[in-house]
Number of protein chains: 2
Amino acid sequence: MVTDDGLGFRRAHPSALPVTGAWRPGDPPGRRKFLELPPDRPFALEGGGLLRGVVLAYETWGELSPERDNAVLVCHALTGDSHAHGRIEAGHPTPGWWNGIVGPGAAIDTERWFVVCVNVLGGCQGTTGPASPHPDDGRPWASRFPVVTIRDMVRTQAAVADHLGIERWALVAGGSMGGMQVLEWGVMYPERVRALLPIATAAAASAQQIGWWSSGRRAIAMDPRWRGGEYYDAEPGDGPHEGLAIARMISMMTFRSDDVFTQRFGRQVVEPVEGYSLWQRFQVERYLEYQGDKLVRRFDANSYLLLTKAMDLHDLGRGRNGLRPAFARLRAPVLSVGISSDILYPPHQSREIAELAREAGVPARYAELDSPHGHDAFLIETEQLGAVIREFLASLEDDHD
Amino acid sequence: MVTDDGLGFRRAHPSALPVTGAWRPGDPPGRRKFLELPPDRPFALEGGGLLRGVVLAYETWGELSPERDNAVLVCHALTGDSHAHGRIEAGHPTPGWWNGIVGPGAAIDTERWFVVCVNVLGGCQGTTGPASPHPDDGRPWASRFPVVTIRDMVRTQAAVADHLGIERWALVAGGSMGGMQVLEWGVMYPERVRALLPIATAAAASAQQIGWWSSGRRAIAMDPRWRGGEYYDAEPGDGPHEGLAIARMISMMTFRSDDVFTQRFGRQVVEPVEGYSLWQRFQVERYLEYQGDKLVRRFDANSYLLLTKAMDLHDLGRGRNGLRPAFARLRAPVLSVGISSDILYPPHQSREIAELAREAGVPARYAELDSPHGHDAFLIETEQLGAVIREFLASLEDDHD
């Protein structure tokens, strides 16, 4: 059911697209390990409400040292998952999203560090989310799943740390939504982190970011196949994939840059036709459609709604009398990394993180990736970013000595 | 049916939203004049195909001099229309879109210049478009309406010029999609323009621009109420307003800037509620929804599809062996204006226009509006832009002497 159109984009026939791309119990676990939170102690959410039967999927690389001082937490972004390092294999439809940064001999060297990555709460790759079975009736949570926040995600990660016997992370690192988790770690658990590495992120979501993400949510909600979130019983091909694909198209536009699109696609059309038609596509349109389809096969529309909302709600200062008092809780040194061409999380926001941290009295530095790749540079520019991370880690060792 | 929510945003009940916001024969004409193209001579489109029964709506201000040498054409952008100057009145739901630039005593002084603005072909404010009656059956053209190009628009404007006895425009000016028309005027009718003023536009649409506009088109096409373009018979409130509103949200995001959204909305929520809900809105979301609703009342979803496609097809070099040979046709001096914070038509594209014109041997200058307002600055920064235009017009007079 997959066709190659001869131009490198393999597109699925719509009927082959699943109603949800979520990993579900029974699917191959791949490298995942699972932590079930105690069923007698429901997980209390920041927004009120209790979540019972929470399962957390995570992966680890390397060995925890006897002193338990070499643990690194990497936090994934919106459409990432626990598979920060590794190949495509049964249970893992994508290669490790940070293969260039995490691995043997890489900047976050798994021969030196014990690296952990947890699929976020509300996600769809093994950790409890809207596609997971509700403990009451075994049917998907669907629209019953409550709104979660970045802080809720971080508290689930703390549960994984407890489970693994990690009292203090040597480093918490991540980009985009992952960077929001990094910052919350520093504020919520100042004694449990030795260093923070937020990348291409913000201390609080801006109105513009909220505007982008909410446009995508509205596109999903408009898809008649979304069915108010109750689509899991639909036939294959009858899920909200068009809405999710449009949301993905919008976000792909904000993830990349003018330069990159021009260089890669220019004004090439897919198939030249006589005259013009409204739905004749330029290459860039097919690329975006292809990206949309690809996401549909490994993601869940309801998770997309929840995680983008969590990003919109992200505000380190919320309930803490503002950003400055929040930053005053930090104890760990901060390296904040921005990306020169990022239009979604513009570099001034990453600079602001370093400034606020410095004002709060912790050692803090700002580094900028000089890249034409836009926001996604934190996944692409692994050489440049790797060098920055190596230097940061080395400086921490020096302090430690 | 209009409610004011107390926060300055008056929202219509969905059932009060029209299926199309197009001006239709029988509606108050306002200031519009109409030119009917001869019914025996169908209008041939660039993409092939003939359009019969074309009507062009236009407005004029000031008086044509006996020498007919003071005519200025202003070209409107995507959601503009012929109402470049004036008030809200019967037939005109919006004030003149360039009131600060065109008018008595303004930079384009209607006491000095005879100013003309024509609603574009395929639009929805009086000129023939998809909501207009088809000459065969009197029913809306709807999906039968052919794809039009910027060049087609310019040729209809030439017909208006002929009708008004204007052999040569003293100036053709416009921003965004209007700027594309300005450039095509210079290339298609080099002898009919004395000066060109393209603002915040491009010599050819970039892959990124195509990506943005095509996302909006897909949102409209996903709206089940769009009905393949055949929605004009629907009940009020049953038109494709959700799809059009989402397309508008996406474009509003690209029209403005991070700074402006932050300053205006920050992270304020519409109504604070206990806990969080997925559809609880931030102010910026309500603003975008309000802008979406507003557009739905005065625009037509099928026109949105056609005009954004016309912009994607815009390429001065198409069929002319590329940009350089196209620019070589220019005879008129060019002032190309860019906007410092424009993420949709970034300033480098406006600089490129001036460079290509200079290389082609016409006097050409680049000026940049220093503005935080993003793309929309060409509608907002009327003082800064007005000064630039005055200077340009004065320099032309000098040359003339």
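In the predicted model, helix α4 (residues 241-255) of chain A and α3(B) pack at an angle of about 165°, their axes lying 10 Å apart. Axes are lines fitted to C-alpha atoms, for helices over the stretch in contact, and angles run from 0 to 180 degrees between N-to-C directions. With angles over 145 degrees counted as roughly antiparallel, α4(A) is therefore roughly antiparallel to α3(B). The crossing of α4(A) past α3(B) is left-handed, a term applied if the near helix is turned anticlockwise from the far one by less than a right angle. Helices (H or I, at least four residues) and strands (E, at least two) are DSSP runs, numbered from the N terminus.

To this contact α4(A) contributes A:E242, A:G243, A:I246, A:M249, A:I250 and A:M253, and α3(B) contributes B:G211, B:W212, B:S215, B:R218, B:A219 and B:M222; residues are in contact if their C-beta atoms, placed from the backbone, lie within 7 Å. By class, the residues of the contact of α4(A) with α3(B) comprise seven nonpolar, three polar and two charged. In this scheme Ala, Val, Leu, Ile, Met, Phe, Trp, Tyr, Cys and Pro are nonpolar, Asp, Glu, Lys and Arg are charged, and the others, Gly among them, are polar.

Across the interface as a whole, 47 residues of chain B are in contact with 47 residues of chain A. On the side of chain B that touches chain A, two or more residues come from each of α3 (207-222), α4 (241-255), α5 (258-265), α6 (283-296) and α7 (301-313) of chain B. The most is given by α3(B), with ten residues. This side of chain B has 24 nonpolar, 13 polar and ten charged residues.

Chain A contains an open sheet of eight strands with mixed pairing, in the order β3-β6-β10-β7-β11-β12-β13-β14; strands pair if DSSP finds at least two bridges between them. Its edge strands, each pairing on one side only, are β3 (33-36) and β14 (364-369) of chain A. From one strand to the next, the twist averages 20°. Four bridges join β3(A) to strand β6 (residues 55-61) of chain A in the antiparallel sense, and A:K33 stands opposite A:Y58 in β6(A).

Helix α1 (residues 150-164) of chain A lies across β3, β6, β7 (71-75) and β10 (114-118) of chain A, at about 140° to β10(A). Helix α2 (residues 177-188) of chain A also packs on the sheet, where β7, β11 (171-175) and β12 (196-199) of chain A are touched, and its direction makes about 150° with that of β11(A).

Residues are numbered from 1 along each chain as its sequence is written, while chains are lettered from A and ligands numbered from 1 in the order in which they are written. For this predicted model, local features need pLDDT of at least 70 and side-chain atom pairs count only at pLDDT 80 or more, whereas totals for chains, interfaces and linings use all residues.

Conventions:
Contact = placed C-beta atoms within 7 Å. Parallel < 35°, antiparallel > 145°, perpendicular 65-115°, else oblique.
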